[in-house]
Amino acid sequence: MSEEVRFDDAYVPSEDVVAREIEGEIVIIPLVSDIGDIEDELYTLNETGRAVWGKLDGARPLRRVAAELAEEFEAPIEDIERDVLGLVRELVSRRMVVKKD
Amino acid sequence: MSPPRTGYVRRVRRDEAPLWPGARPLLTWLDLELTERCNCDCVHCSVNRPAGDPEAKRSELATAEVERLLEAAAGLGCLSVRLTGGEPLLREDFADIYLFARKLGLRTMIFTNAALVTPALAELFARVPPLESLEVSVYGLERGTHEAVTRTPGSFAAARRGLALLAERRVPFYIKGALLPGNAVEREPFERWARGVSGQARPAWVRFLDLRSRRDDDGKNALIRGLRAAPEDVRRDTAALPAADRAELLGFIAAHGGPAGDRLFTCLSTGGKGAVDAYGTFQYCLLLRHPETVFDLKKGTLRTAVTDHLPAVRAMKARDPEYLGRCGRCFLKAFCLQCPAKSWAEHGTLDTPVEYLCAVAHAQAVGLGVLAEGEKAWTVEDWKARIDRPAGAGGGDRQPVRECSQ
């Protein structure tokens, strides 16, 4: 069963992955053997993903992450919230971020 | 912020189309020699210094320096590092360095003799996989054969213990060896054993042994020369290869044959790569320590080494008339192991032909039917016709006979 992602929770990159910025791209590299095909796979984030990833510090709940991005990008908060939720759901399902207790 | 609303995360295979559109990482692979010291004293080794050598140990990069170097490499886009030596596991901080590399996301290849693999280390490799098979040097099926090469009592049992620890934890490893007069008789059973323990098709054999890369020991060089495979044996073995292996070699020659002229650096395996020795000197490859080709990382950054120094080295031209008249005109240039590193080790120059390598390349070519007995490849006018890819030949991407550890 997939984990529920809520706006009141804060998320942080999992210790099972490494994220590196290379030539402006965020590259996520699995560190342990049960994420994807560790032998051959890397993951990159799209523009939306990059913007959100940088704010997943475990301190800011997703609601605040969305609010900050809406201000930075001068975009409707509803659109931003949808993106944040979509991205974090995808990252959680891939075990690349975890909820901060 | 502009959507897409889905597909926020893109999965990319490492060997796939560029991660970085319009740009290439400055460095994709780093060879890192953690120490020249080794717990063995192999008869054929071109690097090793005694395990307890105080001067070597004192001069090695400190843990923090190695970590800064790995960080710098990762910052340049590097995705893989090879930790080698000497015996890298001799370093007391090996586990820390390994884990640091892996936490940077670097795939980590380790060259080792396995004798120093502990349960804790095997456990670490199982928990945080290196993502590359460990490459383990083994020299014989029996204690006597193995230790005649390592000249280190107890090294056979220690290596077998290490291999067992890796196997118990399902840490992938690959067996390689040096085919020497003393162990050649074991070749077939050794290959069966290697297949059994590692699953690999066959071990990587080295026969065309390198001389000391520090040019520091004439006596050892004389010993190494005496252990090298004789060209006549190489010709015979090549002629007797199975059809698929012959096709592979012929495919390689077809794909990469042709004279190199005055180009000095023609190695097919060094694009995007760099090497750093145990003391913080950047090198084109780990064998090449000619002073005109190295860069002191205590005086400049890894980025400068990669962006300024390396291209200048690659642009160097051959000047030696004999080299230009032979190697420069030889259609087997890519097939032959002659390179600046080998020239350095043999002659202290970058562009002097290495007679032994020339002889074994010719012996292989005769064995394959590409050259006639006594014919010199640089005199062949119709070389294009000679290397027309035979039916069924391989694609030529592998370098199955180059035997270059780099």
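**View 1. Helix α13 (residues 340-347) of chain B is mostly covered, with seven of its eight residues buried.** Here, buried means that 20 or more other C-beta atoms lie within 10 Å of a residue's own, exposed means 12 or fewer, and partly exposed is in between, with C-beta atoms placed from the backbone. Helices (H or I, at least four residues) and strands (E, at least two) are DSSP runs, numbered from the N terminus. This is a predicted model, where local features need pLDDT of at least 70 and side-chain atom pairs count only at pLDDT 80 or more, while totals for chains, interfaces and linings use all residues. Residues are numbered from 1 along each chain as its sequence is written, and chains are lettered from A and ligands numbered from 1 in the order in which they are written. The buried residues of α13(B) are B:P340, B:A341, B:K342, B:S343, B:W344, B:A345 and B:E346. Part of their cover comes from α14 of chain B.

**View 2. Helix α9 (residues 231-239) of chain B packs against α14(B) at an angle of about 30°.** Their axes are 7 Å apart; axes are lines fitted to C-alpha atoms, for helices over the stretch in contact, and angles run from 0 to 180 degrees between N-to-C directions. That makes the pair roughly parallel, since angles under 35 degrees get that label, over 145 roughly antiparallel, 65 to 115 roughly perpendicular and the rest oblique. On the α9(B) side, the contact includes B:V234 and B:R235, and on the α14(B) side it includes B:A359 and B:V360. Two residues are in contact if their C-beta atoms, placed from the backbone, lie within 7 Å.

**View 3. The largest nonpolar core has 112 residues.** A nonpolar core is a set of buried Ala, Val, Leu, Ile, Met, Phe, Trp, Tyr and Cys residues joined through C-beta atoms within 7 Å. Those with the most contacts inside this core are B:L70, B:A73, B:C78, B:V81, B:L332 and B:L357. Helix α14 (residues 355-368) of chain B gives the most to the core, with nine residues. At least three residues come from each of domain 1 (29-206) and domain 2 (242-264 + 318-393) of chain B, with bounds from an automatic or database domain assignment. The C-alpha centres of these two domains lie 31 Å apart. Zooming in on B:L70, and skipping its neighbours within four places in sequence, its contacts are B:V81, B:F100, B:A101, B:L104 and B:L106.

**View 4. B:N39 sits in the loop between β3 (37-38) and β4 (49-50) of chain B.** B:N39 counts as buried because it has 21 C-beta neighbours inside 10 Å. Leaving aside neighbours within four places in sequence, the contacts of B:N39 include B:A51, B:E87 and B:T152.

**View 5. In chain A, helix α2 (residues 62-73) and helix α3 (residues 77-93) cross at roughly 130°.** Their axes come within 9 Å, and the two helices are therefore oblique to each other. Among the residues making the contact are A:L62 and A:V65 of α2(A), together with A:I77 and A:I80 of α3(A). Chain A as a whole has three helices and five strands, running β-β-β-β-α-α-α-β from the N terminus on. Of its 101 residues, 32% count as buried.
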